[in-house]
Amino acid sequence: MKSFVLACVAAIVVAGIAGFALNSVQKPADQAYSTTGVRL
Amino acid sequence: MARMKFLCDADRCIECNACVTACKNEHEVPWGINRRRVVTINDGKPGERSISMACMHCTDAPCAAVCPVNCFYTTADAVVLHSKDLCIGCGYCFYACPFGAPQYPRVGNFGSRGKMDKCTFCAGGPEADSTHAEYEKYGANRLAEGKLPLCAEMCSTKSLLAGDSDIIAQIYKERVTKRGYGSGAWGWQTAYRETIAT
Amino acid sequence: MARLLAQARFVIGALALALILAIAAPAVAQQPTGVNPNAASVKEEQLLKGLKIISGRGTIPDTKSYNLEQPAGRDWRQFHNVTLRWTGAIAILGMLLLLVVFYLIRGQVKLESGFSGRRIVRFNAFERFIHWVTATCFIILAISGLNITFGRSLLLPLIGESAFAGWSQWAKYAHNYLSFPFTIGVVVIFLMWIAGNIPNRVDVEWLKRGGGIVGHDHPPAYRFNAGQKAIYWSQIIGGVAIAVTGYVLMFPFYLTDIAGMQTAQMVHAIVAVLFVALMLAHIYIGTIGMEGAFEAMGEGTVDVNWAKEHHSLWLEQEMARTGPNESQRQPMATPAE
């Protein structure tokens with residue numbers, strides 16, 4: 001039982017870290033598809 | 001009832017991008033989202049051809065068929081629209097669309113790509129016609145005011161036609177007869193399963 | 001003098017008349033010459049016949065926009081809406097049916113010699129932890145994944161569009177982010193248990209005797225029998241395929257173009273539904289299918305009689321290693337071949 005609960009917690013923690021990391025990297029389209037000439 | 005379609009006369013398009021500019025301005029489309037675009041085949045070579053492309057509002061729209069949350073609907077004028085409230089940004093409509101019409105506000109598919117945006121044939125969305133709420137999400141609703149899409153209205157050579165299928169097909173046929181050549185209605189076979197004989 | 005003037009007037013008059021006539025002649029419009037200035041240009045059917053995708057150049061930084069038409073989208077739609085749905089339905093419902101029928105006919109595989117009361121450690125805490133990380137993630141990934149394919153037809157009519165879209169949004173978050181602990185779990189399981197899952201002659205014999213699933217046979221097996229090895233290798237291969245294609249889908253167009261994305265989705269979906277069907281069998285046999293089996297992963301030990309009946313060779317090894325004592329903490333060991 002303990003290993004199961006720990007497993008759930010670990011899964012959520014890893015998923016949370018992944019989510020946080022990816023969302024901070026995810027660019028909105030206006031930044032991703034602009035060049036230096038663009039004034040946003 | 002009208003059956004709305006787009007027809008880009010590839011023999012007249014001069015790649016001026018007036019259609020793109022008109023659309024962007026009318027709907028205040030953010031940078032990075034391209035509802036309409038001009039593609040040039042064989043750029044710079046003899047036989048160069050440009051075509052303006054956006055959502056074709058297909059018969060039996062593949063985007064609507066694959067959407068996991070069924071956020072698309074077809075109006076009585078056969079315009080294919082969708083609800084940004086229901087959209088989960090999964091990106092499937094882009095994989096199915098033969099014309100690359102769906103656009104997403106975020107790059108990468110972590111959680112969501114944001115709410116899909118595309119050409120609405122200047123017909124807005126599920127919100128009440130010509131309200132601020134509708135404009136915020138989907139842009140102007142010209143059809144509700146009895147007008148046709150602005151891209152076609154602004155086309156400098158009248159290569160891009162938008163309106164009832166029978167009428168624009170007739171215009172195109174007359175054009176082809178008069179000038180003696182025509183490369184056909186690009187995209188019609190894929191979108192509407194019909195062609196205009198030229 | 002008068003005569004000269006009269007002649008001049010006549011000439012001027014004639015010229016003026018000629019000029020007026022010339023101007024008044026109907027303007028001849030540029031008639032179509034029948035020459036097609038675009039004769040050298042490509043036509044749509046030409047391009048569609050030759051290439052899978054019509055592409056050109058554009059002026060927008062988003063290079064995907066340079067594709068004009070990709071008719072392959074139609075084929076992908078057919079796959080997603082028809083082929084995948086049928087495959088998934090047949091695989092999953094078929095497996096469920098099979099398991100129900102099997103249970104009704106064969107019933108639970110009972111421990112024939114009864115519980116001895118003596119226990120032996122089968123899986124240690126770390127092994128159980130990793131298994132449960134992978135298994136729990138799998139359940140949620142499976143449900144959220146099946147929702148993408150089947151939710152619209154099965155669940156949406158029941159709860160309505162708004163609720164369904166909200167649920168699907170969260171399901172998608174869960175699916176995308178739980179993929180990370182799942183992938184880590186698959187990799188660790190691969191490394192952790194590979195030694196015990198190399199096929200050998202004992203497996204051939206075990207398979208020939210049908211694993212004892214019918215009748216009262218108890219073919220010998222080491223720590224993992226042939227059935228478990230099959231699950232292990234399917235899970236590794238399937239898990240890797242799903243993870244790789246899943247990450248391609250999560251990073252759209254970073255690694256491949258639209259044809260690649262469509263292929264990734266097709267592989268991901270087909271492997272996934274087959275994987276779900278297989279795991280249903282695994283879950284069945286590990287829970288209700290076999291008496292005394294669940295505890296192995298639930299709390300780590302099994303009854304010695306259970307070990308004798310189902311993994312006799314493993315039991316011998318464990319006894320030899322630890323002496324006649326039970327419940328010894330066993331290392332994550334390689335079965336000595």
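Analyst: G211(C) touches W206(C), P219(C), N225(C), A226(C) and G227(C), leaving aside residues up to four places away in sequence; two residues are in contact if their C-beta atoms, placed from the backbone, lie within 7 Å. This is a predicted model, in which local features need pLDDT of at least 70, side-chain atom pairs count only at pLDDT 80 or more, and totals for chains, interfaces and linings use all residues. Residues are numbered from 1 along each chain as its sequence is written, while chains are lettered from A and ligands numbered from 1 in the order in which they are written.

G211(C) sits in the loop between α7 (201–208) and α8 of chain C; helices (H or I, at least four residues) and strands (E, at least two) are DSSP runs, numbered from the N terminus. G211(C) counts as buried because it has 20 C-beta neighbours inside 10 Å. By the definition used, a residue is buried if 20 or more other C-beta atoms lie within 10 Å of its own, exposed if 12 or fewer, and partly exposed in between.

Chain C is divided into domain 1 (108–124 + 194–330) and domain 2 (126–181), with bounds from an automatic or database domain assignment. The centres of domain 1 and domain 2 of chain C, taken over C-alpha atoms, are separated by 24 Å. Their contact takes 10 residues from domain 1 and 10 residues from domain 2 of chain C. On the domain 1 side, the elements giving two or more residues are α8 and α9 of chain C, and α9(C) supplies the largest share, 4 residues. By class, this side has 7 nonpolar, 3 polar and no charged residues; Ala, Val, Leu, Ile, Met, Phe, Trp, Tyr, Cys and Pro count as nonpolar, Asp, Glu, Lys and Arg as charged, and the others, Gly among them, as polar.

The helices α8 (226–250) and α9 (258–286) of chain C also give two or more residues each to the side that touches chain B, as do β2 (67–69), α3 (72–106), α4 and α6 of chain C. In this interface, 48 residues of chain C are in contact with 45 residues of chain B. The most comes from α6(C), with 8 residues, and the chain C side divides into 19 nonpolar, 18 polar and 11 charged residues.

Helix α6 (residues 161–193) of chain C packs with helix α4 (residues 125–154) of chain C at an angle of about 145 degrees, with axes 7 Å apart. Axes are lines fitted to C-alpha atoms, for helices over the stretch in contact, and angles run from 0 to 180 degrees between N-to-C directions. The contact of α4(C) with α6(C) has 16 nonpolar, 9 polar and 2 charged residues.

A nonpolar core is a set of buried Ala, Val, Leu, Ile, Met, Phe, Trp, Tyr and Cys residues joined through C-beta atoms within 7 Å. Of the 77 residues in the largest such core, C93(B), C151(B) and L160(B) touch the most other members. Both domain 1 and domain 2 of chain C give residues to this core, so it lies between them. A second, separate core of 20 residues includes V14(A), A171(C), F180(C) and W193(C).
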